[in-house]
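Hi,

Here is the structure I said I would pass on.

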Amino acid sequence: MNPVIARPYAVGIFDVLGFKRRFEKFGLEEITARYRALIDIVVKRDEHMAKTKTFFPKEGPYWCAGGEILPITKVYAAYASDTFVVWANYTWTDLHVRTQDELEKLSKDSNHDWLFQPIPCDAFLEICSELMCRSLQVGLPLRGALAVGDAILDKERNIFLGQPIIDANLLEHDQKFIGAGMCSSFVSQTIPKRFALSFSQQMKKSSVREASGLILDWPRHWRSTRPFDLKKIVEAMNTDSTFSEYYEDTLSSIDESEKAIDDIEHGKACPIRSNYEQFSYSREGNIAAHAMAVRRCTPEEAV
């Protein structure tokens with residue numbers, strides 16, 4: 001068995017709103033089935049990654065046909081009771097397995113700048129967005145928070161410890177809406193515009209140390225992947241006066257997301273090279289990434 005090692009992770013903590021009442025309504029068997037529908041988001045991605053391992057044998061950035069860069073990294077998930085945990089490596093594995101001499105040499109080579117920068121967060125945030133959307137469809141609305149920091153996340157041993165878990169848990173409980181806030185630690189990295197939305201109305205307290213003022217723009221993901229009216233689904237869930245304010249703040253966040261519609265609204269491909277300086281087009285081909293003769297498809301082509 002591998003040793004337990006702390007390393008930097010991006011972490012998402014999500015709790016089911018009104019879990020006790022929903023458990024009493026659905027029962028153990030039905031709740032379990034609905035949980036599996038949520039975890040299946042990560043399971044299906046893992047299955048897809050396994051099928052493509054011939055093309056992408058290790059974690060890292062890959063050159064694709066057309067001069068694009070495709071970062072390959074894994075996203076993990078686990079759940080217990082009413083809590084879901086989603087996580088991904090924040091830094092590249094190579095950074096932790098190479099010798100100090102190798103790293104010192106690579107740090108002087110600008111073609112390897114990417115190795116010393118955080119892994120692009122797109123895959124992690126796409127999974128979190130899909131989790132939020134699916135949670136509404138299966139009747140288990142989630143409230144969550146995202147953080148970054150050193151942690152021990154060992155699914156095999158069921159060990160989940162670290163500051164990002166604490167920070168995300170604190171921020172998660174200080175919110176009153178269906179959604180996911182971003183902790184200050186999370187926004188220290190580059191976050192593509194389509195994933196983040198400025199919104200603070202959901203906070204229970206006017207000043208929370210962990211809060212960044214940004215939330216995950218999961219309603220944008222809903223609009224680009226589902227034909228159903230999101231507001232009507234949220235309004236239909238507002239049947240308990242105890243949580244009315246939660247649903248009202250959720251609707252307000254959806255309104256803010258709709259105001260932020262721009263040219264990437266309808267699921268268009270958003271090249272990594274357009275968002276991350278370490279992979280910028282200005283570097284042309286001067287990036288020491290793996291090479292693979294594949295092309296990144298658009299969401300429409302992937303259907």
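Cys128 has a relative accessibility of 0%, so it counts as buried (buried means under 20% relative accessible area, exposed over 50%, partly exposed in between, with a 1.4 Å probe and protein chains only). Cys128 takes part in no disulfide: the nearest cysteine sulfur belongs to Cys121 and is 9.8 Å away. A disulfide here is a pair of cysteine sulfur atoms within 2.5 Å, and by this rule the count is zero. Cys64 is buried too, at 6% relative accessible area.

Before going on, a word on the basis: this is a predicted model, where local features need pLDDT of at least 70 and side-chain atom pairs count only at pLDDT 80 or more, while totals for chains, interfaces and linings use all residues. Residues are numbered from 1 along each chain as its sequence is written, and side-chain values use heavy atoms, with hydrogens and water left out.

Helices (H or I, at least four residues) and strands (E, at least two) are DSSP runs, numbered from the N terminus. Two strands pair if DSSP finds at least two bridges between them.

Which strands does β6 pair with? One is β1 (residues 7-16), antiparallel over 10 bridges, with Phe14 opposite Gly144. Another is β8 (residues 179-183), parallel over four bridges; there Gly144 stands opposite Ala180. Then comes β7 (residues 159-162), antiparallel and joined by four bridges, where Ala151 faces Gly162. The β6-β7 hairpin has four residues between the strands, and Asn158 takes a positive phi near 60 degrees.

**A three-stranded sheet**

There is also an open sheet with the order β3-β2-β11 and mixed pairing. β3 (68-72) and β11 (290-291) are at the edges with a single partner strand each, so one side of each has no neighbour in the sheet. β2 (residues 60-64) pairs antiparallel with β3 over five bridges, and Trp63 has Ile69 of β3 as its bridge partner.

**Two helices**

Finally, the axes of α7 (residues 230-237) and α8 (residues 244-259) come within 10 Å and cross at roughly 170 degrees (axes are lines fitted to C-alpha atoms, for helices over the stretch in contact, and angles run from 0 to 180 degrees between N-to-C directions). That makes α7 roughly antiparallel to α8 (under 35 degrees is roughly parallel, over 145 roughly antiparallel, 65 to 115 roughly perpendicular, the rest oblique).

Cheers
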